[in-house]
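Here is a short note to read beside the model.

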Amino acid sequence: MIRIKVPATSANIGVGFDCLGLAISLYSSVYFEENSQKLTISGCPEKFQNENNLIYQAFVRGCQYLNQPVPNLKITIKNNIPISRGLGSSAFCIVGGLKGADAWFQSGLSKEELLSLATKMEGHPDNVAPAIYGKMVSSFVDSDDNIESVHFDINDELQFITIIPNYAVSTNQARSILPSEMSYQTATYQVGHALALAKALEDGNLALIHKSIVDKMHEPYRSTLIPDYQTTKEICESFDGTMYISGSGSTMMCIVDQTENGLQIVDQIKALHPDWNVQHLNVDTQGATSEMTKVIV
Ligand SMILES: Nc1ncnc2c1ncn2[C@@H]1O[C@H](COP(=O)(O)OP(=O)(O)O)[C@@H](O)[C@H]1O
Ligand SMILES: N[C@@H](CCOP(=O)(O)O)C(=O)O
């Protein structure tokens, strides 16, 4: 059977709305094997165990692109990326399904083709690009509808603390509350900040990360959907951490150096919210992988 392993992704990174994203060391896998029936799906909530399942939809899209018939499939999901928490669970499904079809037919799709197909399904490239390539990726759609992506190394001195609340925020809702227009002044602010942030993350410059990550495009609106936003931000900042809303939330990501500060932040947040999932994670540098395997792990 085929195993596709995909990293979770943290999109936007403050000022990079819909264009900047980071792959992190939290992984989900999906296994594809032949089946006597049309489709069997396990490892996800029952409401997704049907033909509307996003992984299956992406697999079918991959077959169409490759001009291949859709095989009878058994899909087994080993999921570690929480759903609707702003860590790219939908990107996992889309990249997992497309890459599954590519591996099934051994068709050797390029990462560029994969990114183009995945972006059309997801609607924005900021999660699917790092899910495919790893590291931090900045992407945009050019005038010919091609996706251009630029790849950044993140400095090893930084650690990422993923703070996952026990409540979800739907991406659709978090997009629907955003204004439809923005001023030239705000656009200029965002461009300057985003460029500085990319360099600061490469250099591990915590002071510049802290200044440049401050967003005016989505975070002020979306923070209203996360009741614990302000208190969590204050805890992070009291130990020299910088916090942003991961994707559309509810996860909050804290960037901090490799000192004891990270441990203090985790301890304080866990003490306040024992049922939240708070983890130290690293940057994933590989992106999605595929392998033939005999066992499900
Ligand atoms: N493990 C999974 N199994 C089936 N469907 C999933 C899984 N993970 C995510 N999805 C799909 O992705 C959607 C969540 O996407 P979205 O709201 O964008 O949140 P996220 O921030 O996690 O990407 C779900 O409604 C579902 O359609
Ligand atoms: N740029 C998108 C990113 C959504 O990421 P997700 O992980 O919440 O699906 C947005 O901000 O809407």
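**Notes on the predicted model**

1. The model is a predicted one. In UniProt, an unreviewed entry lists residues 198-271 as "domain: GHMP kinase C-terminal".

2. Next, the protein as a whole. Its secondary structure comes to ten helices and eleven strands. The C-alpha trace spans about 55 × 45 × 35 Å along its principal axes. A compact globule of 297 residues would have a radius of gyration near 19 Å, and the protein agrees with this, having 19 Å.

3. How many of the residues count as buried? The share is 44% of the 297 residues. Among contacts with a separation of 6 or more, 72% are between residues 24 or more positions apart.

4. The protein is divided into domain 1 (2-152 + 284-292) and domain 2 (159-281). The centres of domain 1 and domain 2, taken over C-alpha atoms, are separated by 24 Å. The contact takes 22 residues from domain 1 and 31 residues from domain 2.

5. On the side of domain 1 that touches domain 2, strand S1 (2-11), strand S2 (20-34) and S5 each supply at least two residues. Which of the elements gives the most to this side? S2 does, with four residues. By class, this side of domain 1 has eleven nonpolar, ten polar and one charged residues.

6. Ligand 1 is surrounded by 18 residues, of which Cys44, Phe48, Ser89, Ser90 and Thr171 are the closest. Helix H2 (residues 89-104) gives the most to this shell, with three residues. The shell around ligand 1 divides into seven nonpolar, ten polar and one charged residues. Domain 1 and domain 2 each provide at least three residues of the shell around ligand 1.

7. Around ligand 2 there are 17 residues, and those that come nearest are Ala11, Gly86, Thr171, Gly247 and Ser248. Here helix H5 (residues 171-176) gives the most, with three residues. By class, the shell around ligand 2 has four nonpolar, ten polar and three charged residues. This shell, too, draws at least three residues from each of domain 1 and domain 2. Thr171 is listed among the closest residues for ligand 1 and among the nearest for ligand 2.

8. Where does glycine 134 lie? Glycine 134 is in the loop between helix H4 (128-133) and strand S5 (136-141). Is glycine 134 buried or exposed? A residue counts as buried if 20 or more other C-beta atoms lie within 10 Å of its own. Glycine 134 has 21 other C-beta atoms within 10 Å, so it is buried.

9. Leaving aside neighbours within four places in sequence, glycine 134 is in contact with Pro7, Ala23, Asp284, Thr285, Gln286 and Gly287. Serine 42 is 92 residues from glycine 134 along the chain, and the C-alpha atoms of the two are separated by 27 Å.

Conventions. Residues are numbered from 1 along each chain as its sequence is written. Chains are lettered from A and ligands numbered from 1 in the order in which they are written. This is a predicted model: local features need pLDDT of at least 70, side-chain atom pairs count only at pLDDT 80 or more; totals for chains, interfaces and linings use all residues. A residue is near a molecule or strand if its C-beta atom, placed from the backbone, lies within 6 Å of it. Ala, Val, Leu, Ile, Met, Phe, Trp, Tyr, Cys and Pro count as nonpolar, Asp, Glu, Lys and Arg as charged, and the others, Gly among them, as polar. Domain bounds come from an automatic or database domain assignment. The radius of gyration is taken over C-alpha atoms; the globule rule is 2.2 Å times the number of residues to the power 0.38. A residue is buried if 20 or more other C-beta atoms lie within 10 Å of its own, exposed if 12 or fewer, and partly exposed in between; C-beta atoms are placed from the backbone. Two residues are in contact if their C-beta atoms, placed from the backbone, lie within 7 Å. UniProt positions are given in the numbering used here, feature names are shortened, and annotations may be inferred rather than shown by experiment.
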